[in-house]
Amino acid sequence: MNKSESKYFNTAKKMDIAFLELLEQKDFEYITVKEICKKAGVNRSTFYLHYETISDLLSESAEYINRHFLDYMKINSVDFMSKLNDCPIEELNLITPEYLIPYLSYIKEHKSIFKTSVKNASVLNLDKSYSLMFEHIFNPIMNTFKIPQERRNYIMSFYISGLMAIISEWLKSDCKESVENLIAIIEDCVLPDNKRNRRSQ
């Protein structure tokens, strides 16, 4: 990357960060180009050099969050994944508190961008974040369960759709429920009674 390209991408990063900070203060539809430029320390012509609309910036900011999410999950999944080999198959589930705590904590920490995604799903493409679960958590667990490849997409669709619905409701309430309470709700939805009772003992 040459000096000119580096400057271009550094400026874009400034606008990403400025936009995410503004999302902490107000809803997406009330954010203006003028506010973004002021917070990022750039002029309007610079903004329009990078983006046609604020929705374009929203999409890029989502990608910025997704990249950080990927790095975050890689770090936090190492210890969890190392325990898979020692976990009895009857105690293993696709949905576990050990995994959900860092994942939901990340969403709560960045709730503004995720809340915006509920309203602008087609722009933000939140599915991309959930697909990371497949790569870093669910797929290795299904390897342990020896679930056939041809069944995995169906199973993942079931789990991801349910998680997205619960998390969307959580975001609509401004993440009012604690992470721990939300995990209990998720477990009520996905765990058989016998496994849920065994965990509480």
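**Confidence and the chain**

A: This is a predicted model, and a stretch to treat with care is residues 194-198, where pLDDT stays under 50. The model has seven contacts beyond four places in sequence for those residues.

Q: In which helix is confidence lowest, and in which is it highest?
A: Confidence is lowest in helix α11, residues 193-200, with a mean of 48. It is highest in helix α2, residues 33-40, at 95.

Q: What pLDDT does the chain average?
A: The chain averages a pLDDT of 77, and 68% of the residues score at least 70.

Q: How many helices and strands are there in the chain?
A: The chain has 11 helices and zero strands.

Q: What share of the residues in the chain is buried?
A: Of the 201 residues in the chain, 41% are buried.

Q: And what about contacts between residues 24 or more positions apart?
A: Among the contacts in the chain with a separation of 6 or more, 69% are between residues 24 or more positions apart.

Q: What is the accessible surface of the chain?
A: It comes to about 11,600 Å², and carbon and sulfur atoms account for 51% of that.

Q: Changing topic: how many aromatic pairs are found in the whole structure?
A: A search of the whole structure finds four aromatic pairs. One of them joins F19 and F28 edge-to-face, at 6.1 Å centre to centre and with 85 degrees between the planes.

Q: Are F19 and F28 buried or exposed?
A: Both F19 and F28 are buried.

Q: Why is the pair of F47 and Y48 edge-to-face?
A: The planes of the F47 and Y48 rings are at 85 degrees, so the pair counts as edge-to-face, the cut-off being over 60 degrees. The ring centres are 5.1 Å apart.

Q: Is F47 buried or exposed?
A: F47 is buried because its relative accessible area is 0%, and the limit for that class is under 20%. Y48, in contrast, counts as partly exposed at 43% relative accessibility.

Q: Which residues do ring pairs link into a cluster?
A: Ring pairs link F47, Y48 and Y51 into a cluster.

Q: Now helix α10: how many residues does it have?
A: Helix α10, residues 179-190, has 12 residues. Its first and last C-alpha are 16 Å apart, close to the 16 Å expected.

Q: Which residues are buried in α10?
A: V179, L182, I183, I186 and E187 are buried in α10. Seen down the axis of α10, the buried residues fall within an arc of 140 degrees, so they line one face of the helix.

Key. Residues are numbered from 1 along each chain as its sequence is written. This is a predicted model: local features need pLDDT of at least 70, side-chain atom pairs count only at pLDDT 80 or more; totals for chains, interfaces and linings use all residues. Side-chain values use heavy atoms; hydrogens and water are left out. pLDDT is the predictor's confidence in each residue, from 0 to 100. Helices (H or I, at least four residues) and strands (E, at least two) are DSSP runs, numbered from the N terminus. Contact means heavy atoms within 4.5 Å. Buried means under 20% relative accessible area, exposed over 50%, partly exposed in between (1.4 Å probe, protein chains only). Accessible areas come from the Shrake-Rupley method with a 1.4 Å probe; for residues, only the protein chains shown count as cover. Rings of Phe, Tyr and Trp (its six-membered ring) pair if their centres lie within 6.5 Å; planes under 30 degrees apart count as stacked, over 60 as edge-to-face and the rest as tilted. The expected span of a helix is 1.5 Å times one less than its number of residues. The arc is that of the directions from the helix axis to the C-beta atoms.
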